[in-house]
Amino acid sequence: RTPHSTDARIPVCAMMRCTVIVHDASATLTVDFSLPSGKSISLARSLDEPLSACLKRATSSALGKAKGKAQPAEVPATSLLDPGGNPVPADTLNKDAWRQGCRLRLGEAVWAVERNPPRVAKPSWCKAHDMNGMSPIWVPELPLVSFPVFAHFELCHADSAVVEWSKTSLPGDAPVALKSEVVQPSGGAACSSFVPTAAEVGWNLEVRVTPRADKAIGEAEAVACANRVLAIAPSVFAPLEARQALLRTQPLGGLRIVSYNTLWALSTASLLKKYGQDWRPPAESVPAEPIQTLSELPVPLGAAAYRSQVLARELAGYDAELLCLQELVELPYRSVLEPMLASRGFSSEFTTPLAGATTELATFWRTAALRREHSAVWRIGELVDLADYALLREQLESSSPSFAAFLRTQPHVVHAVLLRHLTTGRLVAVVNTHLIMHTLASNARTLQAYLVVCQAEQWVRSLKLEGACSVVLCGDLNCREPREDVLSLLGGREVSMNSYEWVYGRNIGKRSCARGTTCSAFIRREQCPNATDDGDSPLCWDHRCGCGREKQNKASSCPECACAGPPPLRPPPDGPFFAPQLALPEGLGLQNACEVATGDAAFMRLRFNPKNGEARSFSNPTTGDTRFIECRDHIFCSRSLRVAALLPPPALESLQGLPSLWWPSDHLALVADLELQKISDGSAASATAPAPPPKRQKSAPVAGEPQPAGVASRTAGVPARGTPTPPRAVRSWGETSMRESLPQ
């Protein structure tokens with residue numbers, strides 16, 4: 001790019017280039033060119049602006065005019081010449097002036113104008129800190145041997161691009177060609193892949209993209225991976241391969257489902273910016289031998305650079321028809337999982353952004369087995385205000401307005417996809433969700449699950465489908481133990497208004513709970529900020545059993561009383577709280593795949609915490625069990641589906657410290673094999689539950705338990721809120737009990 005004569009007869013190829021990009025959506029254009037000195041000029045102007053204003057701005061930018069600076073005595077002439085070499089009139093609008101073949105003249109320098117040339121652009125889903133330098137091509141930070149390396153970019157005003165992969169031993173060395181291919185964009189987006197071998201270990205991997213449109217060739221863009229090619233020892237993945245070797249052969253009409261919390265993953269730059277600079281790369285950045293330990297990894301394990309690639313490999317190895325993922329951000333989804341699993345025959349959906357909601361759910365389905373019919377995304381907090389839940393909303397707001405506000409502001413979402421099983425023709429509504437994690441928010445999880453299932457059922461009914469539809473609910477429900485009410489509710493059992501989960505979560509949403517000034521915000525007594533609730537005991541109400549001994553706030557009694565039956569308890573001293581008699585509508589009860597297959601709703605019970613491998617130092621507040629209970633992830637399904645098998649957990653010694661080189665998350669994938677059962681002609685009419693619902697358990701208040709606010713007695717009128725009511729046997733199914741429990 002050197003200056004040349006202003007003679008219009010000079011060939012275009014001998015001039016510097018001035019790129020003009022028209023943005024129709026914003027009615028603007030950008031003019032980009034570089035001065036002979038190397039300074040880059042970029043102008044963003046309106047399409048309807050006169051050419052004279054644009055040229056004046058170009059001259060000012062080239063001369064570097066600014067307040068307080070001395071200006072040159074002579075300003076160089078600036079003009080735009082048409083393809084014939086004639087000056088374009090100054091009053092011509094920008095949209096008509098800047099044409100292909102024109103020439104921009106500034107003094108003695110001349111640039112050939114290229115309007116909308118073929119060019120490479122940054123992927124729309126990428127942020128600036130996710131890119132390697134200034135190149136518009138996205139490549140992974142860490143290329144791994146035998147793992148596909150994807151290069152993502154977008155093509156503008158181009159119908160194809162030549163992609164060339166190469167390797168160099170040192171920056172600036174002559175590249176060694178590896179692969180060359182021509183790719184066509186799909187909706188503007190394009191992708192190319194290369195699988196490194198052992199011969200590339202220790203080399204820099206580079207990719208070069210040259211856009212084309214008919215006979216026009218755009219400016220090539222190139223980028224190199226931030227780290228050299230690395231090999232992982234095959235023995236590292238032995239625990240994963242051993243677990244996947246236990247998978248059974250799928251029968252015809254089978255449906256293998258994976259529910260997996262993949263653990264939030266960011267780029268290395270974002271991770272270090274968010275959490276500080278504590279991580280340091282190893283001294284030897286590229287080991288000559290395949291690595292076997294975490295200390296040899298040249299990127300943080302918490303970042304997406306390594307874990308997303310191992311995750312894609314793990315998911316492909318389950319050979320499933322359906323994948324439901326949580327805590328998945330867009331970067332690993334777009335860059336690795338989507339192209340990797342698409343090559344294995346999967347289509348997918350990533351939750352669209354909603355106001356005030358997290359974007360973390362993705363659902364994949366194998367197109368050879370399933371076909372998408374419909375899909376929907378809801379923010380769970382917004383469901384409370386729908387007309388279908390008016391009774392629930394009225395009771396919630398009347399008894400605990402702070403809890404109602406808390407529930408509305410939660411960012412959790414649900415992703416529903418209606419799929420048709422191609423072998424059997426059956427419809428399956430897949431519901432993927434992630435419930436609140438707060439330790440004391442069991443009551444919020446129960447309400448969220450109620451809203452999710454009811455809304456999914458309403459959505460399926462609104463589609464007016466022909467034939468029955470089964471439901472599969474997958475996700476991270478964040479349960480701490482198998483006895484939580486959310487699991488009972490989803491299983492078709494009623495949640496009593498006397499459940500202690502309503503009690504210990506009663507202050508969720510209040511400022512005192514958020515600031516830690518209320519006793520109910522702390523599980524263990526030593527953390528409690530208040531010594532007593534009256535003068536009779538050094539223990540507050542939440543940490544004192546009815547017998548006077550110490551207890552944890554999540555337990556209704558101390559361990560000693562839990563065996564003999566809890567003594568009478570006083571009502572909570574902090575006023576009314578929300579405690580409905582809650583159950584799903586008839587026919588919506590689901591079965592827990594883990595419980596059906598193993599007899600236990602908990603997936604694992606360990607003597608250590610899998611996140612750090614350390615032995616448990618505290619026990620369950622009610623059972624005294626010191627084991628770590630893995631009960632967060634679940635797969636529920638309609639009873640029209642048969643649970644055929646559940647993949648067992650891996651060897652326990654491989655779980656001491658998650659995530660790890662072989663397990664990419666702090667959760668384990670829950671893998672269930674379901675079989676579609678043939679529905680008889682006399683099946684139930686419900687679209688979401690063709691099989692008769694299981695017998696539900698009756699609910700009776702527990703003697704001595706504190707009673708919730710706003711519950712009306714059938715014989716003695718309306719008691720004061722927050723005071724105990726006499727025990728009574730109750731059997732109710734959702735809406736009826738809500739009407740009875742509303743304040744009169």
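At 23% relative accessibility, Arg334 counts as partly exposed in this predicted model. Its salt-bridge partner is Glu330, and the closest N and O atoms of the two side chains lie 3.1 Å apart. Glu330 is likewise classed as partly exposed, with a relative accessibility of 30%. Both residues belong to helix H6, which covers residues 330-342, and a spacing of four residues places them about one turn of the helix apart. Elsewhere, salt bridges with shared partners connect Arg248, Arg256, Arg642, Asp673 and Glu675 in one network.

## Salt bridges

The structure holds 25 salt bridges. Among them is the pair of Arg17 and Glu114, whose closest N and O atoms are 2.5 Å apart. Arg17 is partly exposed at a relative accessible area of 25%. Glu114 counts as buried because its relative accessibility is 17%, under the 20% limit for that class.

A salt bridge is also formed by Asp319 and Arg366, with 3.4 Å between the closest N and O atoms. Here too the pair links distant parts of the chain: Asp319 lies in the loop between H5 and strand E16 (322-326), whereas Arg366 lies in strand E18 (residues 362-366), 47 residues apart. Asp319 has a relative accessibility of 44% and is therefore partly exposed. Arg366, by contrast, is buried, with a relative accessible area of 15%.

| Salt bridge | Closest N and O atoms |
|---|---|
| Arg17 and Glu114 | 2.5 Å |
| Asp319 and Arg366 | 3.4 Å |
| Arg334 and Glu330 | 3.1 Å |

## Cavities

A search of the whole structure identifies six cavities of 30 Å³ or more. The second largest cavity contains about 60 Å³ of space. Its lining consists of Thr262, Leu263, Ala265, Arg307, Ser308, Leu311, Glu327, Leu328, Pro332 and Pro664. Helix H5 (residues 304-317) supplies the largest share of this lining, namely three residues. Classified by residue type, the lining of the second largest cavity comprises six nonpolar, two polar and two charged residues.

## A buried leucine

Leu582 is located in the loop between helix H14 (559-564) and strand E23 (591-592). With a relative accessible area of 0%, Leu582 is buried. The C-alpha atom of Leu582 is separated by 9.4 Å from that of Leu392, although the two residues are 190 residues apart along the chain.

Strands of a sheet pair through backbone hydrogen bonds, in either a parallel or an antiparallel manner. In this model, three strands form an open sheet in the order E7-E8-E11, with antiparallel pairing. Strand E7 (119-121) and strand E11 (189-194) are the edge strands, each pairing on one side only. From one strand to the next, the twist averages 45°. E7 is joined to strand E8 (residues 149-156) by three bridges, and these two strands run antiparallel. Within this pairing, Val120 has Leu155 in E8 as its bridge partner.

Key. Residues numbered from 1 in each chain as written. Predicted model: local features only at pLDDT ≥ 70, side-chain atom pairs only at ≥ 80, totals over all residues. Heavy atoms only, no water. 1 Å grid on protein atoms, 1.4 Å probe; cavity = no way out; pocket = protein on both sides within 12 Å on 5 of 7 lines; lining within 4 Å. Points joined across faces, edges and corners; volume = space filled by probe spheres on them. Nonpolar A, V, L, I, M, F, W, Y, C, P; charged D, E, K, R; others polar. Salt bridge = Lys/Arg side-chain N within 4 Å of Asp/Glu carboxyl O. Buried < 20%, exposed > 50% of the residue type's maximum accessible area, 1.4 Å probe, protein only. Pairing = 2+ DSSP bridges. Axes fitted to C-alpha atoms, helices over the stretch in contact; angles between N-to-C directions.
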